[in-house]
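Trainee: Could we go through this chain together? I would like to begin with the strand pairing.

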Amino acid sequence: GGLERLDPHSSYFGEREFRQFEGKTRGKFSGIGIQINMDRASGALLVTSPIVGTPAYEAGLMSGDLIVKINGQSVEHKRTSEAVELIQGDPGQDVTLSILHEGDTKPTDVAITRAII
């Protein structure tokens, strides 16, 4: 509670946030290579950009795709940070995303092997 009142230039990181911050500052992490945001209208994750040359790009993910499930778990009511944690994992391990491509009515399951990004 006392840490909530830090100056405007400081903030408190919980364990999860700290691990994500560490990964970003190191510049390398294990994942699939996409940038995502929560799509408030659908409750799904919106792929804003697959990074060229990464597993997500090679698997055919495109900007505008919606991720509705991660390894069979719905992303509805999850924070973006929770979803990122589910997508990231050990290099060489698969993650299965249920993807709704623009214009499609049914999601497609796509298995993607995580790598160092």
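Mentor: Strand β7 (residues 108–113) pairs with β6 in the antiparallel sense, over 6 bridges. Two strands are said to pair if DSSP finds at least two bridges between them. This is a predicted model, in which local features need pLDDT of at least 70, side-chain atom pairs count only at pLDDT 80 or more, and totals for chains, interfaces and linings use all residues. Residues are numbered from 1 along each chain as its sequence is written, and side-chain values use heavy atoms, with hydrogens and water left out.

Trainee: Which residue stands opposite Asp-94 in β7?

Mentor: That residue is Thr-113.

Trainee: And how many bridges join β4 to β6?

Mentor: There are 4 bridges between strand β4 (residues 66–70) and strand β6 (residues 94–100), and these strands run antiparallel. Within this pairing, Lys-69 has Ser-98 of β6 as its bridge partner.

Trainee: How many helices and strands are there in the chain?

Mentor: The chain has 3 helices and 8 strands. Helices (H or I, at least four residues) and strands (E, at least two) are DSSP runs, numbered from the N terminus. Their order from the N terminus is α-β-β-β-α-β-β-α-β-β-β.

Trainee: What does Ile-87 touch?

Mentor: Leaving out residues up to four places away in sequence, Ile-87 touches several residues, including Ile-32, Ile-36, Leu-45, Val-95 and Arg-114. Contact means heavy atoms within 4.5 Å.

Trainee: Why would such residues gather?

Mentor: In soluble globular proteins, nonpolar side chains tend to be buried together.

Trainee: Now for Thr-54: is this residue buried or exposed?

Mentor: Thr-54 counts as buried because its relative accessibility is 7%. Its place is in the loop between β3 (44–50) and α2 (55–58). A polar atom of the Thr-54 side chain lies 2.6 Å from the backbone oxygen of Ile-51. Beyond four places in sequence, Thr-54 touches Ile-32, Gly-33 and Ile-117.

Trainee: Where is Ser-49, then?

Mentor: Ser-49 belongs to strand β3 and, at 25% relative accessibility, is partly exposed. Apart from neighbours within four places in sequence, Ser-49 is in contact with Gly-33, Ile-34, Gln-35 and Ser-63.

Trainee: One last topic, backbone angles. What is phi of Asn-71?

Mentor: Phi of Asn-71 is near 50°, a positive value in a residue other than glycine. Most residues other than glycine have a negative phi. Asn-71 sits in the loop between β4 and β5 (73–74) and is partly exposed, with a relative accessible area of 43%.

Trainee: And what about phi of His-77?

Mentor: Phi of His-77 is also positive, near 70°. His-77 is found in the loop between β5 and α3, and this residue counts as exposed because its relative accessible area is 76%.

Methods:
Buried means under 20% relative accessible area, exposed over 50%, partly exposed in between (1.4 Å probe, protein chains only). A polar contact is a pair of N or O atoms within 3.5 Å; within protein, one must be able to donate a hydrogen and the other to accept it, and residues adjacent in sequence count only if both atoms are side-chain atoms.
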